[in-house]
Amino acid sequence: QLPDMPKGPRYGHCAVSTTGSEIYIVGAYDTRSVDVFDTGSSLAWKNESHLHDMPEERRCAAAVVLKNRYLVVIGGIGADWCTTASCLIYDLWCNRWSLTLASMDMIEVRRRHTAAVLDGMIVVAGGVDNLNNALASVECIDADALLPLQYPLPMFLFNRILVIGEFERELVPCTVFDKLKTQ
């Protein structure tokens, strides 16, 4: 028998597997937490105290993993009980959550929908809107446009040091030292 979830009963959450042996459980009613189950030889919940909670509560959402690095939580219901069209993105490597720009939101708000990745696109289908109307619509989200940074980083960022001053209610000066120009 497998062990129970570490933070007790949970419903309205998402589960998504990574390319390794991990299953991420995100969101649910009254929680922003992230739990990780190791499907490898241990078959145990990881005690990952360093994992950051989601920036906002989401339940009845859908989730996918992009490029073996980004966990994307799509739509769902927020703490205000409103259905949303926005996405939350979790960088598995950097342990960092980010919100997408409003311009990247789905066309329709939806909850209790499904999502899958196909040819670099997130395909989102069905669900329910804010008025409890069942949806037959399908949307595609361009994964490359959605992600916060493009990798690999551009070459011009290498061989440079950025120095940023202190912030005290004034503009923060920034100086760029370019190693290539000093040689």
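**Notebook: loops, cores and sheets**

I started with Asp-30, which sits in the loop between β2 and β3. Strands here are DSSP runs (E, at least two residues; helices H or I, at least four), numbered from the N terminus. I am working on a predicted model, where local features need pLDDT of at least 70, side-chain atom pairs count only at pLDDT 80 or more, and totals for chains, interfaces and linings use all residues. Residues are numbered from 1 along each chain as its sequence is written, and side-chain values use heavy atoms, without hydrogens or water.

**Positive phi**

I checked the backbone of Asp-30: its phi is positive, about 60 degrees, although the residue is not a glycine. Most residues other than glycine have a negative phi. Asp-30 counts as exposed because its relative accessibility is 71%. The cut-offs are under 20% relative accessible area for buried, over 50% for exposed, and partly exposed in between (1.4 Å probe, protein chains only).

I found a positive phi again at Trp-81, near 65 degrees. Trp-81 lies in the loop between β6 and β7. At 58% relative accessibility, Trp-81 also counts as exposed.

**Cores**

I then looked up the largest nonpolar core, which has 17 residues. Such a core is a set of buried Ala, Val, Leu, Ile, Met, Phe, Trp, Tyr and Cys residues joined through side-chain atoms within 4.5 Å. Tyr-24, Leu-71, Val-73 and Trp-97 have the most contacts inside it. Elements giving two or more residues are β1 (14-17), β2 (22-26), β3 (34-38), β5 (62-66), β6 (70-77) and β7 (83-91). A second, separate core has 15 residues, including Leu-66, Val-72, Ile-122 and Leu-146.

I listed the contacts (heavy atoms within 4.5 Å) of Tyr-24. Leaving out residues up to four places away in sequence, Tyr-24 touches Val-16, Val-36, Leu-71 and Tyr-90, among others.

**Sheets**

I traced an open, antiparallel sheet of four strands in the order β5-β6-β7-β8. Pairing requires at least two DSSP bridges between two strands. β5 and β8 (96-99) are the edges, each pairing on one side only. β5 and β6 share five bridges, and Val-64 stands opposite Val-72 in β6.

I moved on to β10 (residues 121-125), where Ile-122 and Val-124 form the covered face and Met-121, Val-123 and Ala-125 the uncovered one. β10 pairs antiparallel with β9 (residues 114-118) over five bridges. Leu-118 stands opposite Met-121. Two residues separate the strands of this hairpin, and Asp-119 has a positive phi near 50 degrees. Five bridges also join β10 to antiparallel β11 (residues 138-142), with Val-123 opposite Cys-140.
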